[in-house]
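Me: I would like to go through this model and ask what stands behind the terms used for it.

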Amino acid sequence: MSVVEFRGAGFAIGGRAILNNLTLTIDEGETLVLLGRSGSGKTTALRLINGMILPTSGKVLVGGTATSQQDLVRLRRSIGYVIQESGLFPHFTVERNIGLVPGLEGWEAARIKTRVDDLLDRISLPAKDFAARLPRELSGGQRQRVGVARALAADPKILLFDEPFGALDPVTRLDLQREFLRLRAEFRKTSVFVTHDVQEAMKLATRIALLHEGTLVFNGPPDEFRRSTHPEARAFLDVLNEARPHE
Amino acid sequence: MLSDLLQDVLDEGLQLLGEHLVLVLSSILIAAAIAIPLGVAVAGSARWRGVALGIANIGQTIPSLALFGFLIPIPFIGGIGQHTAIIALVVYALLPILRNTVTGILGVDPAVRDSAIAMGMTRGQILRMVELPLAAPTIISGLRIATVTTVGTATIAAAIGAGGLGVFIFRGIASVDKVQILAGAVPAALLALGADGALGWLERRWAAR
């Protein structure tokens, strides 16, 4: 069953097309990785899902209803969002950052506290040590973990990840990719993950959507992507092959 | 006899200090009530930001004594006395508060604002929970500058019958009495230093949060 559907969706600013006629469905429980170079339209596609922007042509349906027809505040609260550098509020403690959306949704304080403590334990940041800290008192990797916990807090059906590990060192990045896979197995959320890193895409995706200059040029599982003959896919696969250790 | 004289001077000094505080506090409160919401409203628009800052800037470029003079003949808002002085002091205090409010709001990291929108915060929630708390040290800095400036400018208000510590200064100048001049100037300077220290402390405390 599709959770998100792009129906000929396009987005243009000042007559310049950023995304062209995108038709794509995202099914429940899958991890779709939007792969592409800088400026290929992948972040634009992601932001169309939670109504951060609305399509200038076509439609984007979430839960069967066009985003343009939805209450955008409610829509955004129902979708978890993780961005590069985590986007945590610098003046909120870890606890307040994670409990933000449940608080906006009117959860009781005790329920929020239980949820925050549980999520902190699941991301290996014990509440007693980390709940009262400010984001500046955390490492980059810890901030991203808190960003993921915040996205999960209100138990959304969909999680969006906009190059969340892009600013991290390779070791922390690998660590968080493993954590992502562990959390995916645990929470079974529908996830849309933006990256320009083909290795990351191959590792995390159940399906890859390759965008090139605003147009979808490949849509399929990673093993099919590996056999793709599209020149843009080949360009990414060359990167993958170059990165392989010499055997 | 001497003690009666001292008591009279002290009584008058306290009364003038009280009047000075009323002039400063009411001017700053009114200016803040205008400039902070205005700064928040215009921060997002380069055009309206330019208009608002331009008007506030014009107000501040008029020499203080001339501004008091301009206001006196204006019906309803002018005349001799405290309310005319307060209007002039508000005009002076607007620019630093407005400018710092705009700077503070524009200084909020766009990624944090974006994140707030993505979390499903309403415009009011973003302003109340994210933008204003993060802009607060800059806004307090504007209030500090405005307050210190107003403490000084308020001494000139005595020239239009608004009272305050300027009464001692003007009377001292007219009678070439250094003691009277100092009786007005020293408390005014201490008041300015006190306001600077207190608001500077508040600014640092907020920034450290």
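**The sheet and the contact between chains**

Reply: In this predicted model, chain A has an open sheet of six strands with mixed pairing, in the order β6-β7-β8-β3-β9-β10.

Me: What makes β6 and β10 of chain A stand at the edges?

Reply: β6 (79-83) and β10 (215-220) of chain A each have a single partner strand, so one side of each has no neighbour in the sheet. On average, neighbouring strands here are turned by 15° against each other, direction ignored.

Me: How do you know that β3 and β9 of chain A are joined?

Reply: Two strands pair if there are at least two bridges between them. Strand β3 (residues 31-36) and strand β9 (residues 207-212) of chain A run parallel and have five bridges, so they meet that cut-off. In one of these strands, β9(A), A:Leu211 is the bridge partner of A:Gly36.

Me: Which helices pack on the sheet?

Reply: Helix α1 (residues 42-49) of chain A touches β3, β6, β7, β8 and β9 of chain A, and its direction makes about 150° with that of β8(A). Helix α7 (residues 140-152) of chain A also packs there, touching β6 and β7 of chain A, at about 165° to the direction of β6(A).

Me: What makes chain B a contact partner of chain A?

Reply: Residues count as in contact if their C-beta atoms lie within 7 Å. By that cut-off, 14 residues of chain B are in contact with 15 residues of chain A. α5(B) gives the most to the side of chain B that touches chain A, with six residues. By class, that side of chain B has nine nonpolar, three polar and two charged residues.

Key: Residues are numbered from 1 along each chain as its sequence is written. Chains are lettered from A and ligands numbered from 1 in the order in which they are written. This is a predicted model: local features need pLDDT of at least 70, side-chain atom pairs count only at pLDDT 80 or more; totals for chains, interfaces and linings use all residues. Helices (H or I, at least four residues) and strands (E, at least two) are DSSP runs, numbered from the N terminus. Axes are lines fitted to C-alpha atoms, for helices over the stretch in contact, and angles run from 0 to 180 degrees between N-to-C directions. Two residues are in contact if their C-beta atoms, placed from the backbone, lie within 7 Å. Ala, Val, Leu, Ile, Met, Phe, Trp, Tyr, Cys and Pro count as nonpolar, Asp, Glu, Lys and Arg as charged, and the others, Gly among them, as polar.
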